[in-house]
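Hi,

Here is the structure I promised to pass on. Have a look at it first, and then read on for what turned up.

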Amino acid sequence: MKTITSQDNKIFKLCIQLAQKKYRDRLGLYIAEGEKIVREAIAAGCVNTVVMREGLDIDLAVHAGQACGTSPNEPRIPEDTAFVFLSGNLFSRIAQTETSQGILAIVSKPQLDKRAFLKAISGPKNHVVVLDRLQDPGNIGTIIRTADAAGYAGIIVMKGSGDIFSPKVIRAAAGSLLRLPVYLASSEEEALSILNEAGKVLVGTIPESGVAYNRVDWTRGSAILIGNEGNGLSETFKAATNINVNIPMNKEVDSLNAAVAAGILIYESIKERETACRIS
């Protein structure tokens, strides 16, 4: 297996470039770091190159075409997947975590058009989250991960939101971007068109108004609209909601973290489904 020692190598240069959003957008690639997410990306069939620190001893570091791990049921690595080692000095320059496991993958962004996304979220009980210009990568990644864990059908990310393929979002989402359909909407009108065609109830999150979240009928497929951390929902979304909800709090607390609030609403929305499963 090839060991890269020169900073002029094209794979090393590509990893350096992908630390910047403009190159991720231009090339349609991003970096996922850590053994677990690299395995998941290989299973999803979207890995371009696996990059490892020189000397790393890991089951994944096998020749293309062999099994990803020790189990015969694990996915097989596509023949065209490249595997390279980087010298320790070079790998430390592209590692995105302080305590890196010494392995990362260059991953292709998912290609999902409007019709494919609409098909993915259609269904009378399928729920969706809309991220309206959220900026904090921890919030974005955590909401995506929570929606995935709860069995949500998809995520709409509005233009003006933080980059969902940034290193911090990728770490916080913990592989959920490989599973959960995500659509990047260019405008509120486009997002509303999709949600209305899919028959979703538009649930606004406006702390100062609305009904308590646990008094809402969540039996129909809904779209929970999560607004910007500082400014909340856009005026267009506020005007379009079917219902607005709030989370009752101690009067001395004026707000919750966006990811915490989203998590409460996401799991409340599936409570009836989970209860029915337990009873049956």
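The second largest pocket has a volume of about 260 Å³; please keep in mind that this is a predicted model. Its lining is made up of 17 residues, and those nearest the centre are Glu33, Gly34, Lys36, Ile37 and Arg171. Two or more lining residues come from each of β2 (29–33), α3 (35–43) and α7 (167–173). By type, the lining of this second largest pocket splits into five nonpolar, seven polar and five charged residues.

Then there is the largest pocket, with about 520 Å³ of space. It is lined by 24 residues, and Thr205, Pro207, Gly232, Ser255 and Leu256 are the closest to its centre. The elements that supply two or more residues here are β12 (243–246) and α10 (258–269), with α10 giving the most, three residues. Eleven residues of this lining are nonpolar, ten are polar and three are charged.

Five strands make an open, mixed sheet in the order β1-β4-β3-β5-β2. β1 (2–4) and β2 are the edge strands, each pairing on one side only. From one strand to the next, the twist averages 30 degrees. Within the sheet, β3 (residues 47–53) runs parallel to β4 (residues 82–86), and the two pair over five bridges; Val51 has Val84 in β4 as its bridge partner. Packed on the sheet is helix α1 (residues 10–17), which touches β1, β2, β3, β4 and β5 (103–108). The direction of α1 makes about 75 degrees with that of β5.

Happy browsing, and do write back with any thoughts.

Best wishes

Methods:
Residues numbered from 1 in each chain as written. Predicted model: local features only at pLDDT ≥ 70, side-chain atom pairs only at ≥ 80, totals over all residues. Heavy atoms only, no water. 1 Å grid on protein atoms, 1.4 Å probe; cavity = no way out; pocket = protein on both sides within 12 Å on 5 of 7 lines; lining within 4 Å. Points joined across faces, edges and corners; volume = space filled by probe spheres on them. Helix = DSSP H or I, 4+ residues; strand = E, 2+ residues; numbered from the N terminus. Nonpolar A, V, L, I, M, F, W, Y, C, P; charged D, E, K, R; others polar. Pairing = 2+ DSSP bridges. Axes fitted to C-alpha atoms, helices over the stretch in contact; angles between N-to-C directions. Contact = heavy atoms within 4.5 Å.
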